[in-house]
Protein chains: 4
Amino acid sequence: MSTFGQHFRVTTYGESHGRSVGCIVDNCPPGLELTEDDIQPQMTRRRPGQSALTTPRDEKDRVEIQSGTEFGITLGSPIALRVMNQDQRPHDYGGGGKNIDGFPRPSHADWTYLEKYGVKSSSGGGRSSARETIGRVAAGAIAEKYLRVAHGVEIVAFTASVGAEHLFPATKTHPTQSTNPAFLELIDKVTREQVDGFLPVRCPDATVCKNMEDLIADYRDRQDSIGGIVTCVIRNCPSGLGEPCFDKLEATLAHAMLSIPATKGFEIGSGFGGCEVPGSQHNDAFIKAPAISPAELNGAPQAASGRSRPRLTTKTNNSGGIQGGITNGAHIYFNVAFKPPATIGQAQQTTGYDETQGVLEAKGRHDPCVTPRAVPIVEAMAALVLMDALLVQSARQSARSLLPTLERTIPVSEQNNNLTNGHT
Amino acid sequence: MSTFGQHFRVTTYGESHGRSVGCIVDNCPPGLELTEDDIQPQMTRRRPGQSALTTPRDEKDRVEIQSGTEFGITLGSPIALRVMNQDQRPHDYGGGGKNIDGFPRPSHADWTYLEKYGVKSSSGGGRSSARETIGRVAAGAIAEKYLRVAHGVEIVAFTASVGAEHLFPATKTHPTQSTNPAFLELIDKVTREQVDGFLPVRCPDATVCKNMEDLIADYRDRQDSIGGIVTCVIRNCPSGLGEPCFDKLEATLAHAMLSIPATKGFEIGSGFGGCEVPGSQHNDAFIKAPAISPAELNGAPQAASGRSRPRLTTKTNNSGGIQGGITNGAHIYFNVAFKPPATIGQAQQTTGYDETQGVLEAKGRHDPCVTPRAVPIVEAMAALVLMDALLVQSARQSARSLLPTLERTIPVSEQNNNLTNGHT
Amino acid sequence: MSTFGQHFRVTTYGESHGRSVGCIVDNCPPGLELTEDDIQPQMTRRRPGQSALTTPRDEKDRVEIQSGTEFGITLGSPIALRVMNQDQRPHDYGGGGKNIDGFPRPSHADWTYLEKYGVKSSSGGGRSSARETIGRVAAGAIAEKYLRVAHGVEIVAFTASVGAEHLFPATKTHPTQSTNPAFLELIDKVTREQVDGFLPVRCPDATVCKNMEDLIADYRDRQDSIGGIVTCVIRNCPSGLGEPCFDKLEATLAHAMLSIPATKGFEIGSGFGGCEVPGSQHNDAFIKAPAISPAELNGAPQAASGRSRPRLTTKTNNSGGIQGGITNGAHIYFNVAFKPPATIGQAQQTTGYDETQGVLEAKGRHDPCVTPRAVPIVEAMAALVLMDALLVQSARQSARSLLPTLERTIPVSEQNNNLTNGHT
Amino acid sequence: MSTFGQHFRVTTYGESHGRSVGCIVDNCPPGLELTEDDIQPQMTRRRPGQSALTTPRDEKDRVEIQSGTEFGITLGSPIALRVMNQDQRPHDYGGGGKNIDGFPRPSHADWTYLEKYGVKSSSGGGRSSARETIGRVAAGAIAEKYLRVAHGVEIVAFTASVGAEHLFPATKTHPTQSTNPAFLELIDKVTREQVDGFLPVRCPDATVCKNMEDLIADYRDRQDSIGGIVTCVIRNCPSGLGEPCFDKLEATLAHAMLSIPATKGFEIGSGFGGCEVPGSQHNDAFIKAPAISPAELNGAPQAASGRSRPRLTTKTNNSGGIQGGITNGAHIYFNVAFKPPATIGQAQQTTGYDETQGVLEAKGRHDPCVTPRAVPIVEAMAALVLMDALLVQSARQSARSLLPTLERTIPVSEQNNNLTNGHT
């Protein structure tokens, strides 16, 4: 379906050649300051080769709030967001009907959309176009704003590999990045500003970034394409998020990430490489949590209350911040694999809708690697997952706060992941 | 939440030391022959070291149908399934309350459950116990039966790696298994009987299986544990399944798999390795689909109608049977990473609920590797995902079948993924 | 939440003074001819005192399709609909904050919105404004078009009472309209054209309509208001719709109707009056169903197949077309109670946000009775309920059609409520 | 479907002749004291002619908790509840298949179940049996316990009419009970103990109750049946509950009530009669809320905090405690219409599955009026609706409590409907 989330619900719409694309965000907390300026930066970062931080404001893909705010404050009602399409005319390439004389593009969605719906958008990929992600990114920006203001949450993604060029390649010692100190150091501090300092590739290491850029250029010149991996880290996430058994936080993150076009894989914490690490090394021993400064929480209310973090944390973090499907307060990090873009300039031998073989040649310029552009999309989907999990856990904690404390229960007020604020 | 699926909805319940564990399956198609005998085999395969195919019937974990069938036929009403627990007494280890003097087990869910709920099951992991998967496997067996009878679907999972021992290790030539002919040949034919011929490891290759068995024994002897990867293939899946944009089939598969305890990663088709394959090689060109014999469809009604498969298929299958989030009729295959089990015999330095450091030593025998047991769980979750996607696509196709055919639409009756049968 | 329906899902948005109001319709069957012309008539009927059938086209509340169609055909992707607001400036009446000096309007939502959200729209009722129903009516028009084309469904609502003036008052003989031959005769034939022939009241009886008109005028002149009842009939509804136990069709209809602003009651079939009828008279005996002409089904495909209706129907219809929560093919009819509008011209003694008593006087013209305008809204919500129920039953029936017929099961092809078409 | 509620989710199962009936309650707040003793009384009240308060404990319909609690405390995990069936053998009356020679019972669900599912339970009504309500009542008892402990909520239902015998008949002066002082006085105080003092009819007025009893006896003697109305009042409900636009509290209440077998109508506050009251009288003016004693809140934590009620309340209560779909803190009250039971002893002329006419005669004793037994079912469904609405509002309020207070927003701590407790 076109709705993501059970509690913070986002419904997106739009094909590449309709009037507009956008979304409705339902159940956003009321009383949040919100204008288009909070949303536009990620919209701009999503456009090819752009950084909202470093480049002049792009005048395309301008988001417009239709509802749900007044005087720049959210009302708690549905927030509709809209971005106009530049080219609103459908191009008649023969449609989806009987007299189709063209080719379904290999590894695109042309064929499967027709199998599924019996009719398909004739131009630009329709709903499977990358333009579909506009609604996600816009909605994600709202979720992110709340998470930052209320909890100091930071979400930063970056390009971790292009083809065989990896920022943290697996080694015999470190079959997984989760045991690699250099990786752990990077994700502890990396910011979007730093990532956007390495445009257009968005890999926060000068040397590796240059190699990736050359690699992409090479594929571009050969009218070919190449895949890559995006890594994302979430810092300052409250503990207690994730809804076992079926909606464990890693499960909903995986769902979110694999719903992004062109993705082929997801791994959290130690991931696939972690299968090769013995349990005795993989287990994350508990340690007493260090004190946290209000600055680290970006001034979120939790900082003021001094109840900002769980009392315990883990010494290592092979778990990737999630244990038993529930966040433990440590950094959450995960990788997402993006396949090489299916649209390439090279001629391709394939078969048409009419079952006859032939050669398909694409026209125009094509993006040889999607990972740089995918960065804000991954961040957006991560924010949507957290926000949804936060609301359901907030409900549980609030409900629990009104029950008498029993011998076997811990009162909410003595916990450290307090998601409500009864003090101000 | 404890419900999986929107249309074929499974709700599970049960801790390891309550009266019973089980589930309710809602919205199962009526008119399906179903008794406990259809469900028990996968329940038995789920038990450690068991094969329902080759070993005498285990008398434990007997499933009982409570409702939803009469005279061995499903009524369309909720099917409740129940398995009694052997040990129904909670053990008082200090509970979840204030006077906790024990240790949260490293990389277990003890700590996060307490953070989340403010109270936790005192014994055996409660809801995060592996016993929770009983409800999934039972429900999956029902989904599987329908898929097999109506569509000839075959779902087979097996152990693909244990530690660094891989059945199909990545190579320079084949950074992903999706380009490896040996892999493709295996998944085209492998059966559960073959997989269970390699008990207890369930890796369908004598040499590799032996190596894995030795590796596991080695970890067991050192009171340590090791992870592994399970590969799953789905054959004869109808085309057109999967609900973009957010419920692409790979997204719901990823959700399902990452909801299984101890999982850390998911990849479909070419997966992470596919990031290193150029687009020109990665793209799956279309070819005319070969004829399919009724036997290949296991006698499903689609076979009889001669409309059993899409007219086109792909020459290669780096997509893993899904394009644009929608099945194309080719084999679906994916990998799931399982971490090393957190319970190990070795003493572990860690910190207690009371924030003081100490040493935790587990007692008893522990499973040093979960992949063999995970095989039927992965199959069950795959079946639940397909069944859910099938129902929503069936609704769409039925609704569409009553509309007049337009110039741009293809009538359902001329399509090859027909999910209804108007003829018998 | 702002989403209605599980399968045919409508999400609405918009306050009275934002940029626009509208909705996203998700999971509409693909291949349906659809343009703004299919939607606009009900939008126009919804405006005060309008009939799309009889009056010149009103240029206000023009609906624009944003997505989900191409060349006038639905693609199966989300259909976004938008209607611009005329007055997009929020009026600063003191906002929802601390320095509120005004009055929450009695029996309006001002007070409860502020209690709920802690902030409220300062003008025109915000989300509780009647403008919110625009999205519903637009979405309902799409559902209705499908239902008409595919099944010949007819949905007609009309004003049944204003104040104590009833079209079919309860009598000793007929404590419920369900036993009144005049009522049954009316609902068997009444059309929207007829209803709109009695503008502005929309009560299809000249005498009663005139009395109602006078009554409304009287309340208007006294700066007062009055409530009324809307009756709705659904003809040609397929049997088998409704999802026990919790989503019985009368339950989802009741949910839909009570979600319309200003509603206070819902009754189906014999309703409240039916409590006074003995079971021996209330029970609807079965009779063999009469043949039905294709014309009666408005040329729907079911008509062509000759399998258009269940073999049995009921002699009386106190059930209102639903038994055990499932449609039986007979006419569905129900009443919806609308309270007197809360906005009146008279001065009202009440208490302000600041807890001091005072007098509130409304300005401007106010609608003294909402039932005439409610007619298309009731029709729209009825269509959304049916469409949602139809999709889930279609999925069930399709799934069942592929199972072998057993001794105790009836094959889909021998049933009369066949929701798929395997023949054209 | 068989699931009710989005946040506090109840999934029921069970036919009258399967092994057991029951439910799974998902997302119950953790840390609540709960044993079978909290649930059994309502189970017992639900049995014909029973009062858990006044009669010796009935040994039938014993509920057993399967999961979700430990040492009598809820864990936050799914709570499975089970009640064994006495008669577990399906009776072969010819099944649902081709060779049916019997009659579908008039106004029962036999015919529609077969139309819908193509197969039906052969005995006792299967899923449409009154036994289905056991799961609802059990789940409702859990919701009620939480609501009482945390908020002092009281839910009391009673029989308000049998046939034409009404406790508060409509009069010229009071076309609706909402303006009747006697009615308002009763619902302000009535308790379950009082209601059960008038067994078996459960109408809390000696004279009217006697008339009703005689009326029922009369119908019983004539082997006929009669309908009636149940009124339900909810006291101490927090303000702010209900989720516009589609899940207004009256809409979800209506959904809940119309999902109960044999219901035909629902009205809230002034209801259908309110259509005849002028707006000037119908509008509920605001007044300053009187102080409330802790005793009135049954010692709920809100009482202790002194923030137990909204600052304003309404002078009259034609709204029935809900305005704009959101609770305002006043008493919520509503009526539910129950039709005369379809099973009667009299012979009925009807038509069989084989389309031939005949006479159907029921055997055995039948319940001539369901309202007395419906009382605890109505209470249970009301509790489920409130609990679900409470959780989503709690999430909103918690999320909002962490945002800085703006000029236009009211901080949670200054509101009176505070659903969290940051102080104890």
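Start by selecting B:Ile24 and B:Ala80: in E7(B), the bridge partner of B:Ile24 is B:Ala80. Before moving on, note that this is a predicted model, in which local features need pLDDT of at least 70, side-chain atom pairs count only at pLDDT 80 or more, and totals for chains, interfaces and linings use all residues. Residues are numbered from 1 along each chain as its sequence is written, while chains are lettered from A and ligands numbered from 1 in the order in which they are written.

**Stop 1: around E7 in chain B**

Now select the whole of strand E7 of chain B, residues 79-84. Strands (E, at least two residues) and helices (H or I, at least four residues) are DSSP runs, numbered from the N terminus. Two strands count as paired if DSSP finds at least two bridges between them. Strand E4 (residues 64-65) of chain B also runs antiparallel to E7(B), with two bridges; here B:Ile65 has B:Leu81 as its bridge partner. Strands of a sheet pair through backbone hydrogen bonds, either parallel or antiparallel.

Is E7(B) mostly covered or mostly uncovered? Five of its six residues are buried, so to speak under cover. A residue is buried if 20 or more other C-beta atoms lie within 10 Å of its own, exposed if 12 or fewer, and partly exposed in between, with C-beta atoms placed from the backbone.

**Stop 2: B:Asn418**

Stay in chain B and select B:Asn418, in the segment after helix H10 (371-401). B:Asn418 is buried, because 24 other C-beta atoms lie within 10 Å.

**Stop 3: a hairpin in chain A**

Switch to chain A and select strands E17 (residues 348-351) and E18 (residues 357-360), which pair in the antiparallel sense over four bridges. One pair to pick out is A:Gln349 with its bridge partner A:Val359. The two strands form a hairpin with five residues between them, and in the turn A:Glu355 has a positive phi of about 75°.

**Stop 4: all of chain A**

Zoom out to chain A, with its 10 helices and 18 strands. Its C-alpha atoms fill a box of roughly 75 × 55 × 40 Å, taken along the principal axes. With 424 residues, a compact globule would have a radius of gyration near 22 Å, and the 23 Å of chain A agrees. That radius is taken over C-alpha atoms, and the globule rule is 2.2 Å times the number of residues to the power 0.38. Buried residues make up 68% of the chain.

**Stop 5: where chain A meets chain B**

Show chains A and B together. How many residues does each chain bring to the contact? Chain A gives 104 residues and chain B gives 104 residues, where two residues are in contact if their C-beta atoms, placed from the backbone, lie within 7 Å. Select strand E11 (residues 263-268) in both chains: the two run antiparallel and are joined by three bridges. Look for A:Glu267, which stands opposite B:Gly265.

A rotation of 180° with 0.0 Å of shift along its axis superposes chain A on chain B, with an RMSD of 0.0 Å. That is the relation of a two-fold axis. Select A:His255 to find the C-alpha of chain A nearest the axis, 2.4 Å from it. Copies are superposed by least squares on the C-alpha atoms of residues with pLDDT of at least 70 in both.

**Stop 6**

Finally, show chains C and D and look for an open sheet of 10 strands with antiparallel pairing, in the order E9(C)-E8(C)-E10(C)-E16(C)-E11(C)-E11(D)-E16(D)-E10(D)-E8(D)-E9(D). Strand E9 (165-166) of chain C and strand E9 (165-166) of chain D stand at the edges, each with a single partner strand, so one side of each has no neighbour in the sheet. Within chain D, eight bridges join E8 (residues 154-162) to E10 (residues 228-235), and D:Thr159 stands opposite D:Val230.
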